[in-house]
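Look at the sequence and the model together.

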Amino acid sequence: MNEYERKIHKLSQELIPVFDELDAETKEIIQEHARHCSECDRMLNTGDFMDTETEKTEDGERDDAPIQPLRQLVHINRGIRVMVFLIRILVLGVISYNSLRFQEFGDVVRTFQAGTFLIYLPTAIFLIAFTWTFLNKKWVFYSIVADVIILLGIWQLPLLQ
Ligand SMILES: [Zn+2]
């Protein structure tokens, strides 16, 4: 392994834990490298990079420090995904709770729809902008699809009557 390959290997080791979040071109570079590097290939295929923590501590602190912040980043990333999901559920829950005070189905639906467009829609737009800033663009796409389905579904609610 020459100096250049060693550098690519080092970068691959750092980036494989966040492989899903990488750009297509970066993924290609890592996959290209993994084709003739068994260590990276194993990491890539088994996804067992989380185990390296225990392995590393056994043979000292070697290489542990630079990987730590990246691992934190992966956790923060997952945290954000869970958070934007939970905020949507929470907002829909509050809107439902507020609507169910009414006896008449028509009133329930009207209140639910009003709540959706006054509260859920602005929240969704904010969360999509937030997702755009902090997460991979594919999550922006998933969010938009999910929100459009939710909004269209709620828009169709009066048809249940
Ligand atoms: Zn490698």
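**From the chain to its residues**

Contacts between residues 24 or more positions apart make up 56% of the contacts in the chain with a separation of 6 or more. Here two residues are in contact if their C-beta atoms, placed from the backbone, lie within 7 Å. The model is a predicted one: local features need pLDDT of at least 70, side-chain atom pairs count only at pLDDT 80 or more, and totals for chains, interfaces and linings use all residues. Residues are numbered from 1 along each chain as its sequence is written.

The chain contains seven helices and zero strands, and its pattern along the sequence is α-α-α-α-α-α-α. Helices (H or I, at least four residues) and strands (E, at least two) are DSSP runs, numbered from the N terminus. Of the 161 residues in the chain, 9% count as buried. A residue is buried if 20 or more other C-beta atoms lie within 10 Å of its own, exposed if 12 or fewer, and partly exposed in between.

Beyond its neighbours within four places in sequence, isoleucine 30 is in contact with Ser12, Leu15, Ile16 and Phe19. Serine 12 is 18 residues away from isoleucine 30 in sequence, with 5.8 Å between their C-alpha atoms. Alanine 34, with neighbours within four places again left aside, is in contact with Ser12, Cys40, Asp41 and Leu44.

Which residues form the largest nonpolar core? They are Val84, Ile95, Tyr120, Ala124 and Leu127. Both α5 (64-99) and α6 (105-134) supply at least two residues of this core, and the largest share, three residues, comes from α6. A nonpolar core is a set of buried Ala, Val, Leu, Ile, Met, Phe, Trp, Tyr and Cys residues joined through C-beta atoms within 7 Å. In soluble globular proteins, nonpolar side chains tend to be buried together.

The buried residues of α6 are Gly115, Thr116, Tyr120, Ala124, Leu127 and Thr131. At threonine 116, α6 bends by about 40 degrees, the bend being the angle between axes fitted to the seven residues ending there and the seven starting there.

How do α6 and α7 lie relative to each other, and at what angle do their axes cross? The axes of α6 and helix α7 (residues 137-155) come within 10 Å and cross at roughly 175 degrees. Such axes are lines fitted to C-alpha atoms, for helices over the stretch in contact, and angles run from 0 to 180 degrees between N-to-C directions. The two helices α6 and α7 are therefore roughly antiparallel, a term for angles over 145 degrees. Among the residues that meet are Phe112, Leu121 and Trp132 in α6 and Trp139, Ile144 and Leu151 in α7.

Terms used. Parallel < 35°, antiparallel > 145°, perpendicular 65-115°, else oblique.
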